[in-house]
Number of protein chains: 4
Amino acid sequence: MSEVIRVAVIGAAGRMGREVVKLVLQDPELELAAAVNRSGVGTDAGTLVGLPECGVLLTDDIEMAFAETKPQVMVDFTVPQYAFAHTEIAIRHGVRPVMGVTGFTPEQIEQLDKQCQDKGIGGLIAPNFSIGAILMMRFAAQAAKHMPNVEIIEYHGDQKLDAPSGTAIKTAELIAANREELRQGNPNEEETIEGSRGGYYNGFRIHSVRLPGVFAQQEVVFGDFGQSLKIRHDSYERAGYMPGVKIGVQKVMEYTGLIYGFDHFID
Amino acid sequence: MSEVIRVAVIGAAGRMGREVVKLVLQDPELELAAAVNRSGVGTDAGTLVGLPECGVLLTDDIEMAFAETKPQVMVDFTVPQYAFAHTEIAIRHGVRPVMGVTGFTPEQIEQLDKQCQDKGIGGLIAPNFSIGAILMMRFAAQAAKHMPNVEIIEYHGDQKLDAPSGTAIKTAELIAANREELRQGNPNEEETIEGSRGGYYNGFRIHSVRLPGVFAQQEVVFGDFGQSLKIRHDSYERAGYMPGVKIGVQKVMEYTGLIYGFDHFID
Amino acid sequence: MSEVIRVAVIGAAGRMGREVVKLVLQDPELELAAAVNRSGVGTDAGTLVGLPECGVLLTDDIEMAFAETKPQVMVDFTVPQYAFAHTEIAIRHGVRPVMGVTGFTPEQIEQLDKQCQDKGIGGLIAPNFSIGAILMMRFAAQAAKHMPNVEIIEYHGDQKLDAPSGTAIKTAELIAANREELRQGNPNEEETIEGSRGGYYNGFRIHSVRLPGVFAQQEVVFGDFGQSLKIRHDSYERAGYMPGVKIGVQKVMEYTGLIYGFDHFID
Amino acid sequence: MSEVIRVAVIGAAGRMGREVVKLVLQDPELELAAAVNRSGVGTDAGTLVGLPECGVLLTDDIEMAFAETKPQVMVDFTVPQYAFAHTEIAIRHGVRPVMGVTGFTPEQIEQLDKQCQDKGIGGLIAPNFSIGAILMMRFAAQAAKHMPNVEIIEYHGDQKLDAPSGTAIKTAELIAANREELRQGNPNEEETIEGSRGGYYNGFRIHSVRLPGVFAQQEVVFGDFGQSLKIRHDSYERAGYMPGVKIGVQKVMEYTGLIYGFDHFID
């Protein structure tokens with residue numbers, strides 16, 4: 001019924017890019033139009049991801065790739081420094097951008113929205129394509145209205161550099177925006193080991209666990225008289241973002257203008 | 001600012017009734033007007049619950065108690081067979097009923113609603129006063145729209161007679177009403193130990209764990225490509241329902257007519 | 001078959017003392033010989049704990065109670081400052097001490113052991129009577145030998161003053177004693193919110209969560225390539241210590257000398 | 001200090017075989033001597049697993065591979081039907097077998113043990129190389145002695161055919177062998193949805209959850225008066241077995257005869 005959507009993948013040999021290539025090659029509703037990458041030019045995109053040859057070879061020329069293959073959608077999980085330029089090129093070619101990159105300024109977003117409007121196409125910038133993570137954050141925000149006592153515990157691999165994680169900070173902001181002001185805990189509390197009570201944010205605490213084997217997990221725990229409510233999301237691998245990417249690719253065909261945040265598609 | 005609300009507790013010596021008496025005696029915004037119970041007539045309600053004497057003695061005459069003490073709200077956690085009669089008596093005396101009892105028929109609810117309307121008072125019938133349990137069910141229903149693969153695991157004490165629990169069944173109904181039709185799992189699945197895959201409900205499974213020490217816990221687990229989302233509620237003791245009871249007592253002062261379901265107060 | 005053991009409860013009106021009184025009154029293998037408490041003298045011990053009258057009245061004279069009722073075992077959950085004196089009195093009267101109090105010095109323990117030996121009776125000092133907590137600590141120590149990457153997350157009520165909990169520190173010591181030396185995590189790790197990585201202990205981290213409704217919970221999480229192992233203990237209420245107390249009361253009848261640590265009875 | 005161990009991988013292109021090849025190529029203490037597989041002959045083993053070329057090409061002739069490359073250890077994760085023959089060939093060539101295959105009969109094990117003894121080499125047959133899973137089973141068995149009330153909840157992918165999992169059944173056997181006989185739960189318990197109480201095994205229950213995204217997880221929950229103890233193991237991917245495989249490869253160099261079960265190396 002629905003027609004196949006032709007997709008160009010930018011940064012196709014990157015860790016996320018390879019997952020996107022796999023998704024597009026394996027999903028009958030999607031077709032790989034082009035695979036762009038700085039290195040590996042000439043490699044078959046199927047071979048690249050451990051699938052049979054698909055006939056689409058890696059290229060490093062994004063403009064030519066768009067001109068020749070005329071994709072309907074571009075998926076880009078590269079880096080902030082190139083993301084704006086890629087998006088502009090795509091829109092100019094009438095290719096709808098689906099950007100899994102952070103770091104756009106509000107001015108850039110406004111500008112790109114205007115370009116999408118002018119061209120009559122849709123676009124999407126989404127820092128997080130995980131449906132489960134988005135639901136976790138939404139539920140945490142809702143629960144905080146009714147159960148204001150809360151702590152966040154997040155788990156990532158032991159080589160991660162920053163703590164807390166971006167998702168934990170985003171969740172904390174949503175909680176703070178939705179609950180009554182509250183300084184939790186005993187005012188005379190004392191740490192016999194410094195830091196054991198975690199990071200302080202707006203009256204509550206965030207704990208960052210770092211262990212090998214973990215990809216990304218987060219637990220938001222609410223406590224009240226005689227009860228606890230926990231919302232936990234476990235991400236096991238990059239592939240977990242692909243159902244969200246597919247929704248993004250499909251949705252971007254249906255509207256005009258640039259949308260920021262994948263949660264707009266999760267009603 | 002807000003005036004103290006005068007509360008009558010019916011079934012005051014029951015397990016939930018005692019918690020309600022404690023709540024009312026210890027909360028400065030509430031006042032114990034009367035404590036009704038079939039047995040123990042003459043016992044001080046404070047003594048009954050391990051608090052200092054409060055001067056309110058148990059009585060078994062609900063009509064006289066209402067006539068003499070003129071409570072504003074009645075809280076009743078007794079049994080289905082008396083609940084309708086108690087509610088009618090309360091409304092007749094202008095006492096707002098807050099009923100933690102199940103088993104009202106739709107006709108009875110309609111009738112009591114009319115009586116509340118006629119008398120110009122509010123009333124509440126709520127099978128579940130646990131804020132956390134209500135949020136868990138709501139989040140489970142919302143998540144089922146986006147992550148249709150789900151199973152429910154519920155934990156109760158090892159002497160519980162029925163499985164699954166009422167909350168699990170209610171949650172399952174909400175999930176079924178919100179997700180696309182789906183028969184989960186491998187169609188050729190085989191149980192080498194019968195029952196190990198749990199109880200089948202509308203395409204998914206419910207598991208009932210029974211262990212000593214557990215009061216009431218439930219975990220709703222959603223699975224998708226590369227990720228899991230879990231919503232877990234732990235109820236540790238009856239006292240956990242009291243914050244919800246207090247909200248019920250306060251809310252019932254503010255409207256006219258009978259409301260069914262505590263979730264109407266959790267926006 | 002086994003004879004009933006006659007027990008004296010010291011600090012009978014305290015929070016733990018009341019649980020012990022309940023245990024002794026409700027267990028057919030135990031008999032309440034005496035109930036000692038500074039206040040409430042003359043109150044029936046059964047009434048004190050919400051059970052029928054038992055005929056044993058609270059007294060504040062421990063020496064006279066021992067002399068008159070000749071208990072076989074004393075259970076004492078009072079405070080460090082009196083614990084040593086109580087233990088000496090008990091031994092002098094030939095009453096086997098079961099002490100749920102911390103704070104004994106090594107010298108005191110040696111002294112009391114000698115007194116027990118001389119009198120030919122057994123004695124027990126145990127900071128923790130929870131079978132589950134002891135198993136959790138033991139398993140954590142064993143696992144640390146094979147999976148050295150670990151973090152501890154402990155949960156207590158939001159009014160607790162100290163962090164981490166005593167159990168968390170004890171667990172951390174056991175882990176450190178059993179695993180190879182290891183400084184976990186990325187050496188260049190940075191906290192954008194101070195304390196978010198938790199308290200540092202011997203190369204790993206401890207996180208203390210404080211929320212209303214929680215009694216005492218602890219999770220020890222081990223991570224390795226592609227896997228996690230979690231050992232979690234949930235204590236829901238003081239009554240959870242009573243099966244351990246009963247084992248202590250029974251065991252202390254069977255040996256001579258003072259034993260420190262309940263884990264000696266858990267093989 | 002320790003010399004590099006030369007390893008032959010049988011079934012090198014299989015799902016587990018590829019992980020073993022990766023392990024051997026990336027670990028400086030191991031060296032890939034040969035990679036045997038029925039298909040893909042001539043492919044470089046490095047290329048096969050997404051690593052740089054390593055110079056070892058796939059071969060389908062196990063005898064010749066052993067004769068030419070003289071490996072010290074063979075790792076074999078193929079299928080039961082060939083496992084016995086492979087093991088005999090290896091021993092004949094003086095190659096120590098490390099077998100991740102089930103289905104050996106007691107007679108076969110005895111026979112292979114004798115062959116290893118005669119040849120003066122070590123051998124290992126292990127149905128499970130996951131250190132965490134072995135610890136989970138061991139702790140479950142130990143806990144069952146002291147907390148006999150228990151249920152098992154295991155989680156696997158939604159396409160798995162059999163329930164309960166092999167690990168769950170193995171765990172259940174260990175629990176049953178270690179606890180007092182006990183028929184848990186309320187004798188008058190009733191299932192309103194058939195199967196909701198799970199599979200019955202020796203007095204307790206096993207629950208099998210099947211959800212997409214899950215690789216292999218198991219939780220063993222013990223309940224007692226006022227407390228719960230949980231032991232949970234999460235396996236995220238096949239790579240999680242590799243630390244165990246490496247231990248097996250190292251250990252098999254140090255003894256003579258055939259050992260059955262990886263748990264012998266976990267003290």
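This is a predicted model: local features need pLDDT of at least 70, side-chain atom pairs count only at pLDDT 80 or more; totals for chains, interfaces and linings use all residues.
Sorted by class, the contact of α1(B) with α8(B) comprises 5 nonpolar and 2 charged residues, with no polar ones.

Two packed helices are described by the angle between their axes and by the distance between those axes. Helix α1 of chain B spans residues 15–26 and helix α8 of chain B spans residues 242–251; their axes come within 10 Å and cross at roughly 65 degrees. Angles of 65 to 115 degrees count as roughly perpendicular, so α1(B) is roughly perpendicular to α8(B).

Two copies of a chain are related by a rotation about an axis and a shift along it. Chain C is superposed on chain A by a rotation of 180 degrees with 0.0 Å of shift along the axis, at an RMSD of 0.1 Å. This relation is therefore that of a two-fold axis. Within chain C, Gly195(C) has the C-alpha nearest the axis, at 2.0 Å from it. Both copies use the same surface, as 98% of the contact residues of chain C recur in chain A.

Chain C contributes 50 residues to the contact and chain A contributes 49 residues. Between the two chains, about 3,500 Å² of area is buried, with carbon and sulfur atoms giving 54% of that area. On the chain C side, the most area is lost to chain A by Leu161(C), Ile193(C) and Leu211(C), which together account for 15% of what that side buries.

Methods: Residues are numbered from 1 along each chain as its sequence is written. Chains are lettered from A and ligands numbered from 1 in the order in which they are written. Side-chain values use heavy atoms; hydrogens and water are left out. Axes are lines fitted to C-alpha atoms, for helices over the stretch in contact, and angles run from 0 to 180 degrees between N-to-C directions. Helices (H or I, at least four residues) and strands (E, at least two) are DSSP runs, numbered from the N terminus. Angles under 35 degrees count as roughly parallel, over 145 as roughly antiparallel, 65 to 115 as roughly perpendicular and the rest as oblique. Ala, Val, Leu, Ile, Met, Phe, Trp, Tyr, Cys and Pro count as nonpolar, Asp, Glu, Lys and Arg as charged, and the others, Gly among them, as polar. Copies are superposed by least squares on the C-alpha atoms of residues with pLDDT of at least 70 in both. Contact means heavy atoms within 4.5 Å. Buried area is the accessible area (1.4 Å probe) that two parts lose on being put together, summed over both.
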